[in-house]
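Hi,

Here is the model I said I'd pass on.

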Amino acid sequence: MPEPREPRPDESDPAIAGTGAGGAMDLATSEGSTLETGREGPDSGGPAGKPRSLWSDAWHDLRRNPIFILSGLFIVFLVIISIWPQLIADGNPLSCDLAKAQEGSQSGHPFGFNGQGCDVYTRTVYGARTSVVVGVLASLGVAVVGSVLGGLAGFFGGFWDAILSRITDIFFGIPVVLGGLVLLSVVTSATVWPVIGFMVLLGWPQISRIARGSVITIKQNDFVQAARALGASNSRMMLRHVLPNAVAPVIVVATIALGTFIALEATLSFLGVGLKPPTVSWGIDISDASPYIRNAPHMLLWPAGALAVTVLAFIMLGDAVRDALDPKLR
């Protein structure tokens with residue numbers, strides 16, 4: 001009759017028996033790994049430590065950036081008063097009284113009156129609508145045209161890439177203000193569309209180069225090459241793999257350029273070739289007030305201050321978005 005043997009340590013405890021070679025050490029290691037991966041913290045991407053995507057990670061950083069919050073709140077306020085200026089200004093920006101020309105602040109008219117007797121406060125509020133419309137539409141047009149041309153040139157390369165690069169160099173050699181003086185001086189329309197078209201015409205090369213460089217970088221990655229090896233079509237690779245990963249630099253540049261386009265519209269209107277009366281514009285008001293800066297400085301300071309703060313807000317917003325989307329700055 002065989003003698004009974006003593007059970008081994010890994011057989012005496014069912015919890016340890018299942019660990020195999022290594023016994024309690026393997027169990028402790030596996031439990032520690034399980035607890036570590038199951039822990040959720042403020043910097044974890046979600047349950048079980050799932051990493052965040054680029055966009056969710058960027059939004060996570062933007063929500064904690066005071067510059068983004070302040071500039072975003074001001075831009076939201078600017079958009080609201082652009083759509084409904086009656087919320088804070090119940091007057092008519094085209095209603096003027098020559099008897100009050102160049103008068104200072106009065107009850108109900110905190111910014112005073114301009115050289116034609118129009119309320120400066122009302123015109124400053126209504127001027128935000130023109131600036132926002134020009135800036136947003138010009139930025140969208142530049143982003144779309146530049147992204148399409150630059151993305152296609154960077155993806156396919158070759159002859160078309162060389163042609164686009166030379167055309168881009170030609171447009172880069174045209175001074176923006178001088179080009180506006182030449183092209184817009186023959187336009188008689190008082191709408192915003194000629195100014196927007198001019199900005200898109202001379203603004204797309206910058207976005208095009210950014211998009212081209214981003215696409216060239218992305219298409220060399222392994223996941224794009226794997227999709228190509230698996231037989232994915234060019235359109236599928238562009239829409240599913242290249243575009244989502246290459247669009248971040250374009251968004252950053254377009255956001256910063258929005259403030260630049262607002263300043264450019266004011267500059268062209270100041271020079272008399274941009275928007276024209278009866279359109280209400282900060283550039284027009286600054287141009288009309290410049291001869292009276294010594295006698296009535298309030299006519300110039302309020303629209304110029306609104307323009308400066310608006311441009312600064314969009315530039316700060318673009319800088320915050322750039323810092324959040326650039327992995328090298330983490």
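Below is what turned up on one helix and on the salt bridges.

Some ground rules: this is a predicted model, so local features need pLDDT of at least 70 and side-chain atom pairs count only at pLDDT 80 or more, while totals for chains, interfaces and linings use all residues. Residues are numbered from 1 along each chain as its sequence is written, and side-chain values use heavy atoms, with hydrogens and water left out.

Helix α12 (residues 282-289) is mostly covered, with six of its eight residues buried (under 20% relative accessible area; exposed is over 50%, partly exposed in between; 1.4 Å probe, protein chains only). Helices here are DSSP runs of H or I, at least four residues, numbered from the N terminus. The buried set is Trp 282, Gly 283, Ile 284, Asp 285, Ile 286 and Ala 289. At the start of α12, a side-chain oxygen of Ser 281 comes within 3.2 Å of the backbone nitrogen of Gly 283.

On to charges: the whole structure has six salt bridges (a side-chain nitrogen of Lys or Arg within 4 Å of a carboxyl oxygen of Asp or Glu). One of them joins Arg 166 to Asp 169 at 3.1 Å, N to O; these two sit three residues apart in helix α7 (residues 158-172), so about one helical turn separates them. Asp 169 also pairs with Arg 209, the closest N and O atoms being 2.2 Å apart. Asp 169 is partly exposed at 33% relative accessibility, and Arg 209 is partly exposed at 43%.

Cheers

Key. A polar contact is a pair of N or O atoms within 3.5 Å; within protein, one must be able to donate a hydrogen and the other to accept it, and residues adjacent in sequence count only if both atoms are side-chain atoms.
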